[in-house]
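Me: I am new to this structure. Please take a close look at one part of it and walk me through what surrounds that part.

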Amino acid sequence: MLELSLVLVIVLMVGSASITYAFASERDRAQAPARMEAQQVAQPSHFFAPTEIVKPPRIPRELAISRLEQHVRQERAAVEQFPESPSRQSLRANTSSPFLN
Amino acid sequence: MSAPVKALAAGELFRGLTSIQLEKLANLAKVMPASSGSSLFRLGDTAESLYLVSSGRVALTLPIDLEGLPQDLTVDEKGAGELVGWSALVPPHRSTLSAKVVVDSELVVFEGPALAQALAADQSCGHRVMANLSEVVGRRLHQMQAMWLRELQRLITSKFA
């Protein structure tokens, strides 16, 4: 009699576990499309499109030349005394050149 | 003292020469007015003439490409007493820069071979001029070396910082 009761309890436990698992699987399947939609919304819009290249604002050609020449003048001035007094400092000093700042 | 001799005496290339030596060299030179914008030589040209700026200014330029278009970029300017076109005295006698007159100027011009011949004929004069030339060339080399190292240092900082 005791054995029969134990078998009955085990069958009930296994049955209830199966039913719980089946319910959980069904709920996941039902929620999956909603999750996928949410993921698609969260992805960047240009995922498959070419990445937009952000170019620096274009400056007029004359201004660019002027800045380059100013840069060269400042660099020349920075190394003017290098032949007389070569130093590590004169090779590493920062510049206020508008071309680099 | 004639005008060309005065110009030579004030020039960095002819420092330390006697007045007799200056007179001899002045006889080889031509004083040339140069109007603003005129070209003296282009990069790659055979260097035939050496110019001493008597008055005015001459720009030394290098070619760059900016947005796909060629452009001359001024990298140095030479004024009174300074020398332009020393490649005329130094093999392989090719111009490594271009030179353009910035403002109306007066230049003392030597033909390279004639000047070299005169310097060879007077060894004392030749030694002094070549020593002065070495100083000019060496100074420019050291300055360019320092400028290049500064750019290299910036490249290192930007790439490996």
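Reply: Start where the chains meet: 14 residues of chain B are in contact with 14 residues of chain A. Contact means that two C-beta atoms, placed from the backbone, lie within 7 Å. This is a predicted model, in which local features need pLDDT of at least 70, side-chain atom pairs count only at pLDDT 80 or more, and totals for chains, interfaces and linings use all residues. Residues are numbered from 1 along each chain as its sequence is written, while chains are lettered from A and ligands numbered from 1 in the order in which they are written.

On the side of chain B that touches chain A, β4 and α4 of chain B each give two or more residues. Helices (H or I, at least four residues) and strands (E, at least two) are DSSP runs, numbered from the N terminus. The most comes from α4(B), with 8 residues. By class, this side of chain B has 6 nonpolar, 5 polar and 3 charged residues. Ala, Val, Leu, Ile, Met, Phe, Trp, Tyr, Cys and Pro count as nonpolar, Asp, Glu, Lys and Arg as charged, and the others, Gly among them, as polar.

Now follow β4(B), residues 69–78. This strand runs antiparallel to β3(B), and 9 bridges join the two. Strands pair if DSSP finds at least two bridges between them. One bridge links B:Pro63 to B:Asp72 in β4(B). The hairpin of these strands has 2 residues between them. There, B:Glu67 takes a positive phi near 50°.

The largest nonpolar core has 35 residues. Such a core is a set of buried Ala, Val, Leu, Ile, Met, Phe, Trp, Tyr and Cys residues joined through C-beta atoms within 7 Å. Buried means 20 or more other C-beta atoms within 10 Å of a residue's own; exposed means 12 or fewer; partly exposed lies in between. β3(B) supplies the largest share of this core, 7 residues. B:Leu8, B:Tyr51 and B:Leu52 have the most contacts inside the core. Beyond its neighbours within four places in sequence, B:Tyr51 touches B:Leu40, B:Val84, B:Gly85, B:Leu107 and B:Val109.
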